[in-house]
Amino acid sequence: MRGNVLAGVLLLLVLPFCAVDAGDDAAEQAVRVLDPDSDLVGELLTVHARYEDTLIDIARAHGLGYQAIRNANPGVDPWVPGEGTPVVLPRQHVLPRTRRSGIVINLPEMRLYDFTPGDGELMTYPVSIGRMDWSTPVGTLSVIEKTERPAWHPPASVREAYAARGQSLPARVPPGPDNPLGDFAMRLSRPSYLIHGTNWPEGIGMRATHGCIRLGPADIEHLFSRIPVGTHVHIVNEPVKAGWSGDTLYLEAHPVLEELQEPNNLTPAVRAVVAATGSRMARVDWDAVHQVAMARTGIPEPVGVFDQGPGITETAGTRPPAPEDRGPTGEGEAKHWYVQMGSFSMADNAQRLASRLKQAGFTVRLDDERRERQTLTRVLVGPASTAGEARALAEVIREALGENGHVVSLNASGEAALR
């Protein structure tokens with residue numbers, strides 16, 4: 001089935017590379033055409049590096065961030081790619097599964113989507129986000145103020161952090177080349193958070209801010225000119241995105257943010273596929289799902305097809321949820337869904353299986369279970385949010401390791417029921 005899904009779907013357009021000033025055509029680099037019947041926008045390209053190029057040079061010339069171009073080109077030296085080395089440009093994206101209005105910022109992707117242009121287009125820009133100790137908040141905010149040539153008034157916490165490193169930071173940094181806000185800033189409805197420019201464009205696409213959203217100088221100027229006060233800003237955490245283009249299901253995976261990490265690094269992929277398939281009949285290549293989720297290149301890859309033919313194997317998301325899928329059984333009795341991979345009378349055997357599962361990227365829980373006159377150690381993978389996600393996760397485990405498991409739900413006391 002994999003050959004049917006993958007063959008002929010991924011086409012890389014090969015272009016000669018010439019260095020350009022990213023500011024010369026910021027609008028052209030940012031535009032993507034919207035198709036109301038597709039969740040996929042843009043196209044993948046490749047260029048060939050010149051002797052003097054770094055990946056940052058190539059990224060800036062093509063409207064990309066540093067981490068995105070690195071993820072898309074594993075094995076390529078970021079500082080010396082080498083004369084003639086092909087470099088993939090990840091300019092194709094699965095749209096985040098949130099409302100397509102205003103501004104959407106997907107933190108793990110380090111990318112901003114602007115849906116305000118209308119007329120079948122959106123604009124998208126690479127961004128820098130907060131470091132782990134200064135994380136960018138998730139949620140819906142709004143633009144409450146716009147300022148040209150802003151002064152920077154660093155919060156007390158930032159000044160204290162500088163002082164702890166033996167550096168002095170004034171209470172006010174005036175406009176100019178030393179101002180990290182650049183020439184344009186849009187204040188958000190959560191205090192101290194901005195969408196702003198930078199005086200260090202080489203750092204775009206890195207975790208480099210104190211929680212603000214930072215754009216390159218030309219990009220913020222272009223965005224600033226269009227965004228009115230009051231625009232909603234939806235900040236989301238979607239390390240894995242799934243969506244349809246025609247009859248093909250695509251999956252795109254990015255490294256998770258440490259402080260927002262999911263409990264299982266394959267669970268987000270399973271959840272994304274289940275959400276994307278919805279009520280559509282789909283044949284999913286779970287081996288491909290596993291590979292995309294583990295590689296995390298940020299490149300959309302085909303992992304399934306739409307099919308209403310006889311013998312179709314449904315995804316976990318293609319049927320209405322059963323009553324037991326719908327969450328809590330009663331007040332204070334929320335269910336937690338797992339895949340039980342085995343129950344062992346010898347704890348060493350459970351540990352060996354758990355180690356194998358962990359090495360493959362699964363999150364494992366070991367529980368002691370009293371059964372008649374002996375205590376058994378059960379090996380659980382998860383948790384998943386619903387029984388449907390757990391069934392899909394069981395399929396991923398089977399494809400990845402050849403190990404079969406069954407879905408169980410645990411109540412508050414840890415008692416399991418087979419499903």
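In this predicted model, an open sheet is built from 4 strands in the order E17-E18-E20-E19, and their pairing is antiparallel. Strand E17 (240-245) and strand E19 (282-284) stand at the edges with a single partner strand each, so one side of each has no neighbour in the sheet. On average, neighbouring strands of this sheet are turned by 30 degrees against each other, direction ignored.

**Pairing within the open sheet**

- Strands of a sheet pair through backbone hydrogen bonds, in either a parallel or an antiparallel manner.
- E19 is joined to strand E20 (residues 301-306) by 3 bridges, and the two run antiparallel.
- Within this pair, Ala 282 stands opposite Phe 306 in E20.

**Helices on the open sheet**

- Helix H7 (residues 267-277) packs on the sheet and touches E17, strand E18 (248-253) and E19.
- The direction of H7 makes about 30 degrees with that of E17.
- Helix H8 (residues 286-295) lies across E18, E19 and E20, and runs at about 155 degrees to E20.

**The contact between H7 and H8**

- Two packed helices are described by the angle between their axes and the distance between the axes.
- The axes of H7 and H8 come within 9 Å and cross at roughly 130 degrees.
- H7 contributes Ala 269, Val 270 and Val 273 to the contact, while H8 contributes Trp 286, Val 289 and Ala 293.

**Strand E16 and its partners**

- Strand E16 (residues 232-236) is mostly covered, with 4 of its 5 residues buried.
- Strand E7 (residues 103-106) runs parallel to E16 and is joined to it by 4 bridges; here Ile 103 stands opposite Val 233 in E16.
- Strand E11 (residues 139-148) pairs with E16 in the antiparallel sense over 4 bridges; here Thr 140 stands opposite His 234 in E16.

**Nonpolar cores**

- In soluble globular proteins, nonpolar side chains tend to be buried together.
- Which residues have the most contacts inside the largest nonpolar core? They are Leu 251, Leu 357, Phe 362 and Val 381, in a core of 38 residues.
- Leaving aside its neighbours within four places in sequence, Leu 357 is in contact with residues including Met 341, Phe 362, Val 379 and Ile 397.
- A second, separate core has 26 residues, among them Ala 30, Leu 112, Ile 129 and Ile 235.

Methods:
Residues are numbered from 1 along each chain as its sequence is written. This is a predicted model: local features need pLDDT of at least 70, side-chain atom pairs count only at pLDDT 80 or more; totals for chains, interfaces and linings use all residues. Side-chain values use heavy atoms; hydrogens and water are left out. Buried means under 20% relative accessible area, exposed over 50%, partly exposed in between (1.4 Å probe, protein chains only). Two strands pair if DSSP finds at least two bridges between them. Axes are lines fitted to C-alpha atoms, for helices over the stretch in contact, and angles run from 0 to 180 degrees between N-to-C directions. Contact means heavy atoms within 4.5 Å. A nonpolar core is a set of buried Ala, Val, Leu, Ile, Met, Phe, Trp, Tyr and Cys residues joined through side-chain atoms within 4.5 Å.
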